[in-house]
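I opened this notebook to keep track of what I looked up in a structure that was new to me. The entries follow the order in which I checked things.

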Amino acid sequence: MKTIIILAVCIASIVLCQAGIPISHTMRHDDFHPIKEDWHIPEYEYKYGVQDPKTGDHKEAWEHRHHDLVKGGYWLHDADGTKRIVEYTSDPKMGFHAIVKTEGHAVHPIHYGIGGGAGGI
(Lines give C-alpha, C1' and ligand atoms only; values in the text may rest on other atoms or scores of the structure.)
Protein backbone atom coordinates (compact mmCIF):
# COMPACT_ATOMS: atom_id res chain seq x y z
CA MET A 1 0.00 0.00 0.00
CA LYS A 2 2.84 2.42 0.87
CA THR A 3 4.50 1.62 -2.45
CA ILE A 4 1.34 2.53 -4.37
CA ILE A 5 1.00 5.85 -2.53
CA ILE A 6 4.67 6.75 -3.11
CA LEU A 7 4.37 5.81 -6.78
CA ALA A 8 1.21 7.95 -7.15
CA VAL A 9 2.91 10.96 -5.55
CA CYS A 10 5.94 10.57 -7.83
CA ILE A 11 3.76 10.36 -10.95
CA ALA A 12 1.73 13.40 -9.86
CA SER A 13 4.94 15.39 -9.25
CA ILE A 14 6.29 14.50 -12.71
CA VAL A 15 3.02 15.50 -14.39
CA LEU A 16 2.92 18.83 -12.52
CA CYS A 17 6.55 19.62 -13.36
CA GLN A 18 6.05 18.85 -17.06
CA ALA A 19 2.92 21.01 -17.13
CA GLY A 20 4.87 23.94 -15.64
CA ILE A 21 2.69 24.09 -12.53
CA PRO A 22 4.69 24.96 -9.41
CA ILE A 23 4.39 22.41 -6.63
CA SER A 24 4.60 25.06 -3.93
CA HIS A 25 4.31 28.81 -4.07
CA THR A 26 4.65 31.42 -1.37
CA MET A 27 1.80 33.88 -1.70
CA ARG A 28 2.63 37.57 -1.48
CA HIS A 29 0.36 40.58 -1.09
CA ASP A 30 0.98 41.41 -4.79
CA ASP A 31 -0.44 38.01 -5.83
CA PHE A 32 -3.96 38.90 -4.74
CA HIS A 33 -6.21 40.74 -7.14
CA PRO A 34 -9.70 41.69 -6.09
CA ILE A 35 -12.61 40.32 -8.09
CA LYS A 36 -14.25 43.28 -9.79
CA GLU A 37 -17.75 41.81 -9.98
CA ASP A 38 -19.78 42.40 -6.83
CA TRP A 39 -16.61 43.57 -5.07
CA HIS A 40 -17.08 46.09 -2.30
CA ILE A 41 -14.80 48.01 0.03
CA PRO A 42 -14.95 46.50 3.54
CA GLU A 43 -16.28 49.06 5.95
CA TYR A 44 -17.67 48.85 9.49
CA GLU A 45 -17.80 50.76 12.73
CA TYR A 46 -18.71 49.79 16.29
CA LYS A 47 -18.57 51.17 19.80
CA TYR A 48 -19.65 49.72 23.13
CA GLY A 49 -19.19 50.41 26.78
CA VAL A 50 -19.93 49.03 30.23
CA GLN A 51 -20.51 51.12 33.37
CA ASP A 52 -21.45 48.71 36.18
CA PRO A 53 -21.18 50.31 39.64
CA LYS A 54 -22.11 47.06 41.38
CA THR A 55 -19.16 45.05 40.00
CA GLY A 56 -16.87 47.98 39.32
CA ASP A 57 -16.60 46.99 35.65
CA HIS A 58 -15.97 50.15 33.63
CA LYS A 59 -14.70 49.98 30.06
CA GLU A 60 -15.26 51.20 26.51
CA ALA A 61 -14.09 50.02 23.10
CA TRP A 62 -14.44 51.31 19.55
CA GLU A 63 -13.15 50.44 16.11
CA HIS A 64 -13.76 51.43 12.52
CA ARG A 65 -12.47 50.09 9.24
CA HIS A 66 -12.40 51.54 5.75
CA HIS A 67 -10.83 49.27 3.12
CA ASP A 68 -7.53 48.02 4.62
CA LEU A 69 -7.19 50.76 7.26
CA VAL A 70 -8.37 49.85 10.78
CA LYS A 71 -8.35 52.27 13.72
CA GLY A 72 -9.59 51.54 17.19
CA GLY A 73 -9.06 51.74 20.88
CA TYR A 74 -10.30 50.79 24.29
CA TRP A 75 -9.93 51.73 27.92
CA LEU A 76 -10.61 49.88 31.12
CA HIS A 77 -10.02 50.13 34.84
CA ASP A 78 -7.46 47.56 35.95
CA ALA A 79 -7.66 45.77 39.30
CA ASP A 80 -4.79 47.89 40.70
CA GLY A 81 -6.82 51.08 40.28
CA THR A 82 -5.12 52.37 37.14
CA LYS A 83 -6.84 53.13 33.86
CA ARG A 84 -5.37 51.45 30.77
CA ILE A 85 -5.89 53.26 27.46
CA VAL A 86 -5.00 51.57 24.16
CA GLU A 87 -5.23 53.11 20.69
CA TYR A 88 -4.27 51.12 17.62
CA THR A 89 -4.07 51.24 13.85
CA SER A 90 -3.50 48.56 11.26
CA ASP A 91 -2.84 48.74 7.54
CA PRO A 92 -1.02 46.65 4.91
CA LYS A 93 2.10 48.85 4.81
CA MET A 94 2.78 49.47 8.51
CA GLY A 95 1.05 46.42 10.05
CA PHE A 96 -0.43 46.58 13.53
CA HIS A 97 0.70 49.43 15.79
CA ALA A 98 -0.64 50.03 19.32
CA ILE A 99 0.00 52.82 21.81
CA VAL A 100 -0.65 51.83 25.42
CA LYS A 101 -0.98 54.43 28.18
CA THR A 102 -1.67 54.03 31.88
CA GLU A 103 -3.29 56.73 34.01
CA GLY A 104 -3.17 56.85 37.78
CA HIS A 105 -1.03 55.08 40.34
CA ALA A 106 -1.24 51.39 41.11
CA VAL A 107 -2.54 50.61 44.59
CA HIS A 108 -1.86 47.18 46.06
CA PRO A 109 -3.32 45.98 49.35
CA ILE A 110 -0.88 45.22 52.15
CA HIS A 111 -2.62 41.94 53.06
CA TYR A 112 -3.90 39.52 50.48
CA GLY A 113 -5.72 37.16 52.84
CA ILE A 114 -7.28 37.09 56.24
CA GLY A 115 -5.60 35.32 59.13
CA GLY A 116 -2.64 33.78 57.31
CA GLY A 117 -2.69 30.31 55.79
CA ALA A 118 -2.53 29.61 52.10
CA GLY A 119 -2.66 32.86 50.16
CA GLY A 120 -2.56 35.07 53.25
CA ILE A 121 0.15 36.79 55.21
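I began with the order of the elements, which from the N terminus on run α-β-β-β-β-β in the protein chain, so to speak one helix and five strands, where helices (H or I, at least four residues) and strands (E, at least two) are DSSP runs numbered from the N terminus. I noted that this is a predicted model, in which local features need pLDDT of at least 70 and side-chain atom pairs count only at pLDDT 80 or more, while totals for chains, interfaces and linings use all residues. Residues are numbered from 1 along each chain as its sequence is written, and side-chain values use heavy atoms, with hydrogens and water left out.

Next I looked up the sheet, and found that the five strands form an open one in the order E1-E2-E3-E4-E5, with antiparallel pairing; two strands count as paired if DSSP finds at least two bridges between them. Strand E1 (43–52) and strand E5 (95–103) are the edge strands, each pairing on one side only. The twist from one strand to the next averages 5°, with axes taken as lines fitted to C-alpha atoms and angles running from 0 to 180 degrees between N-to-C directions.

I then followed strand E3 (residues 69–77) and strand E4 (residues 83–91), which run antiparallel and are joined by eight bridges. Val70 has Ser90 in E4 as its bridge partner, and Gly72 has Tyr88 in E4. The hairpin of E3 and E4 has five residues between the strands, and there Gly81 takes a positive phi near 95°.

Last, I checked the surface. How much of the protein chain counts as buried? Of its 121 residues, 8% do, buried meaning under 20% relative accessible area, exposed over 50%, and partly exposed in between (1.4 Å probe, protein chains only). The chain exposes about 10,500 Å², of which carbon and sulfur atoms supply 61%, the areas coming from the Shrake-Rupley method with a 1.4 Å probe. I also looked at Tyr48, which is found in strand E1 and counts as partly exposed because its relative accessibility is 46%.
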